Amino acid sequence: MFRKTLLTTDSISWKYLLIETTENVPAEIKVQLVPIIENLSHFHEKNKNDFNESIKNMELRIEACLDRIWETLHSGYWKDVPIQYRYSYSICSILKTICLEIQNNIQTDLSMVLTMIKQIDKGILLGAPLQSSPDMLTLVASRLNSHFIKISSKEDLSKRIEIKNVDISSKLFPEFRSVPNYEQPSMELFYKNIFQPKVPAIIKGSMKHWKSLELWKDIEYLKRVAGTRTVPIEVGSKYTEDDWAQQLITFSEYLETHISSKCTKIGYLAQHQLFQQIPELKEDFSVPDFCSFSDIDDESLPDINAWFGPAGTVSPLHYDPKNNLLCQVFGYKRIILYKPEDSEYLYPYESRLLSNTAQVDPYQPDYEKWPKFKSAEGFFCYLKPGEMLFIPPQWWHHVVSLSPSFSISFWWN
């Protein structure tokens with residue numbers, strides 16, 4: 001019998017994986033995957049030599065399925081992709097990774113471990129959480145990443161993200177009103193003075209216990225925890241421009257290319273659920289208690305997004321439909337805000353995809369083209385390390401990073 005303990009199968013229930021495939025995968029993919037799952041679930045009972053031959057055949061069939069699903073995922077608009085194909089991509093990513101581990105000695109083959117992690121991350125980013133076990137891919141990726149750290153002998157000297165803060169947040173813009181500041185406000189004060197009246201506010205001192213304030217400035221710490229993982233980045237000046245694009249690279253590549261050194265094009269890890277993908281990083285901060293207040297009867301947890309990039313990243317003037325607590329881990333940002341009532345003065349794009357984004361650049365307004373903008377009343381602030389900015393729903397905001405910067409946003413109803 002072929003007895004081999006696999007890292008990739010410790011977090012997998014073959015029974016539920018088979019049910020998931022039978023019930024939620026398109027017929028053209030299901031007919032290929034069901035016999036593969038049944039075979040792999042009994043791999044330890046097989047004869048090693050015979051099974052190794054069949055594994056190669058299984059991997060080829062999985063690759064063919066991945067190619068077919070990839071075509072569907074990249075045809076037309078993402079929102080129109082049937083969810084069944086995204087489930088299929090998740091399942092195929094798991095099955096391919098298991099096949100790779102069976103065929104290789106991952107105790108010594110670091111490059112193969114990286115290949116396996118990359119495949120699981122593609123499943124997380126392009127697939128969909130499985131109904132029976134939504135954390136399955138995340139658990140497999142974390143286990144593989146921990147194994148990589150354990151067997152890797154590479155030891156880099158600690159290198160910190162350097163931020164020169166002299167005069168970085170001192171320039172005044174007198175044409176704007178200032179955003180009020182609060183030092184460690186109580187829950188009662190936050191609710192009464194900020195949340196209930198729905199006004200923006202800077203909150204100081206309420207995240208000083210976060211370990212991330214220091215840990216995440218250490219590049220080698222970030223590499224150790226997340227360096228092998230694949231993340232989506234935005235490349236270009238801003239998402240409203242023609243030079244904007246998206247690509248998938250490893251977190252280590254992103255740190256080396258866009259954070260540690262200057263790059264001709266800005267790369268921004270923006271609005272990504274990084275902490276759902278890599279839960280190890282979530283241990284370095286906590287959800288602020290202020291997020292417990294709600295405008296409706298809703299006990300769901302906040303959506304948590306990462307915003308990490310070099311100096312010069314820009315989020316054009318836009319609004320979000322939910323309460324937003326933007327927390328600055330390190331670096332400096334300059335932010336301009338406008339009331340929801342000023343929307344008509346900001347000339348939102350007419351297209352549905354950009355209807356929450358303004359055509360006006362508040363720093364270089366073209367009053368001949370956008371004459372009503374003169375009537376808009378802007379608010380202005382700098383967001384510094386360890387500070388939070390509460391942005392109420394529908395409030396327009398324009399954000400510029402003045403230095404390498406890592407922010408976490410919490411969105412909730």
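With which side chain does the side chain of Ser407 make a polar contact? The partner is the side chain of Gln328, at 2.5 Å, a polar contact being a pair of N or O atoms within 3.5 Å, of which, within protein, one must be able to donate a hydrogen and the other to accept it, while residues adjacent in sequence count only if both atoms are side-chain atoms. This is a predicted model, in which local features need pLDDT of at least 70 and side-chain atom pairs count only at pLDDT 80 or more, whereas totals for chains, interfaces and linings use all residues. Residues are numbered from 1 along each chain as its sequence is written, and side-chain values use heavy atoms, with hydrogens and water left out.

Ser407 lies in strand E14 (residues 405–412), strands being DSSP runs of E with at least two residues and helices runs of H or I with at least four, numbered from the N terminus. Ser407 counts as buried because its relative accessibility is 0%, where buried means under 20% relative accessible area (1.4 Å probe, protein chains only).

An open sheet of five strands with mixed pairing runs in the order E1-E11-E10-E13-E8, two strands being paired if DSSP finds at least two bridges between them. Its edge strands, each pairing on one side only, are tabulated here.

| Edge strand | Residues |
|---|---|
| E1 | 177–178 |
| E8 | 314–318 |

Strand E10 (residues 333–338) pairs with strand E13 (residues 396–401) in the antiparallel sense over six bridges, and Arg334 has Val400 in E13 as its bridge partner.

Helix H9 (residues 219–226) packs against helix H10 (residues 251–259) at an angle of about 155 degrees, with the axes 9 Å apart.

Conventions: Axes fitted to C-alpha atoms, helices over the stretch in contact; angles between N-to-C directions. Buried < 20%, exposed > 50% of the residue type's maximum accessible area, 1.4 Å probe, protein only.
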